[in-house]
Amino acid sequence: MKLMKSSLFLILGNLSLTKAGWIDPDTPEDKRTTRSFVDGTVYDLVRQKKEIIGSKQFNKQNSYRFAIVYVLL
Amino acid sequence: MSDEFNIPNRSFTDGHDNMWTGLDKSDDDSSAAGGGSLHFYNSSRITTANGTLRINSVIKKTEWEHYDTVKKEFKKVTKYFESGMLQSWNKFCFTGGIIEVDLILPGDPSIGGLWPAAWMLGNLGRATYEASTNMIWPWSYNTCDRDLQEPQAISACNKQNHFGLNPFQGRGATEIDILEMMAGEPGTLPSTEPPISLPYADMTLQVSFLHFFLFTCDREHFILNSCFTKCILDCTWYTQRSSQFWKSSFP
């Protein structure tokens, strides 16, 4: 029973990681780039990179994604 | 990152949303502009509907025994508005690039008293949590200047900066406003002393202004300030005036 629970946890965890992207799937393709009014440079819409944050508060144990999983269970 | 707010009925109560947190507390900020905000932020005032994020402000009293974290004492406090503040604090940080926001300002541009804003604050401080922002906000100063040392909690003059921060490095929570707006006289609404009454707009860099010039007012008039109020009244930033969205971005 314990094993089943942890498997379920992992599956939901993966699902959650796939779905909870930092770019909203509803963002239209033509809004995924924008142009600087200063020099015309085109900027891409990017997802947040975990390594930029590098904080312990964002590791797997404390990630909101896993918090969501707990709610689901 | 992006968020279109297309999913209806989202809740932003602490722990409910992956990107945002709606506050459940008083706005205790007392600034040079007024004797403290009259808001009590309630996360239930923030939700999503019809593909938009909605922050609903109402006139509603909230009274409680308040602990003043600066004076370290309890006092009875009354707030006259219930509204919402949505924060990304400690959830995602913006380190550079362009931010785009489509928004409609609340209320009617001819009725003042409100001070809606879309703005950023360095993650070192958390807005409305005074104990975290006192002498931190809005400092970005990283030079040792003996005249400026005292009001900056984490100064470049300090041999020892606490909380594990580097010595001789000034730190702070810098404020960058995408848009702040005061429409005019508050009229019959409860107001601060002095009131939030200035026809006032604070926008970041040229892009917001670009929109301002293109759609509302030309540069000459703006500089002369003679049609400032007219600009706001005529523009399409308020629901009452137009259903058009206003867009801001900046490098």
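Biologist: Which residues make up the largest nonpolar core?
Modeller: B:Leu121, B:Ile136, B:Trp137, B:Trp139, B:Ala153 and B:Ile154, 6 residues in all. A nonpolar core is a set of buried Ala, Val, Leu, Ile, Met, Phe, Trp, Tyr and Cys residues joined through C-beta atoms within 7 Å. Buried means that 20 or more other C-beta atoms, placed from the backbone, lie within 10 Å of a residue's own.
Biologist: Where do these numbers come from?
Modeller: This is a predicted model, where local features need pLDDT of at least 70, side-chain atom pairs count only at pLDDT 80 or more, and totals for chains, interfaces and linings use all residues. Residues are numbered from 1 along each chain as its sequence is written, and chains are lettered from A in the order in which they are written.
Biologist: How much of chain B is buried?
Modeller: 23% of its 251 residues.
Biologist: Back to B:Ile136, what is it in contact with?
Modeller: Setting aside neighbours within four places in sequence, B:Ile136 is in contact with B:Leu124, B:Gly125, B:Ala153, B:Gly172 and B:Ala173. Contact means C-beta atoms, placed from the backbone, within 7 Å.
Biologist: New topic. What is the strand order in the open sheet?
Modeller: S2-S3-S7-S6 in chain B, with mixed pairing. Strands are DSSP runs of E, at least two residues, numbered from the N terminus, and two of them pair if DSSP finds at least two bridges between them.
Biologist: Which strands stand at the edges?
Modeller: S2 (25-26) and S6 (58-68) of chain B; each has a single partner strand, so one side of each lacks a neighbour in the sheet.
Biologist: How many bridges join S6(B) to S7?
Modeller: 9, and the two strands run antiparallel. B:Glu65 stands opposite B:Lys76 in S7(B).

Terms used. Helix = DSSP H or I, 4+ residues; strand = E, 2+ residues; numbered from the N terminus. Buried ≥ 20, exposed ≤ 12 C-beta atoms within 10 Å, placed from the backbone. Contact = placed C-beta atoms within 7 Å.
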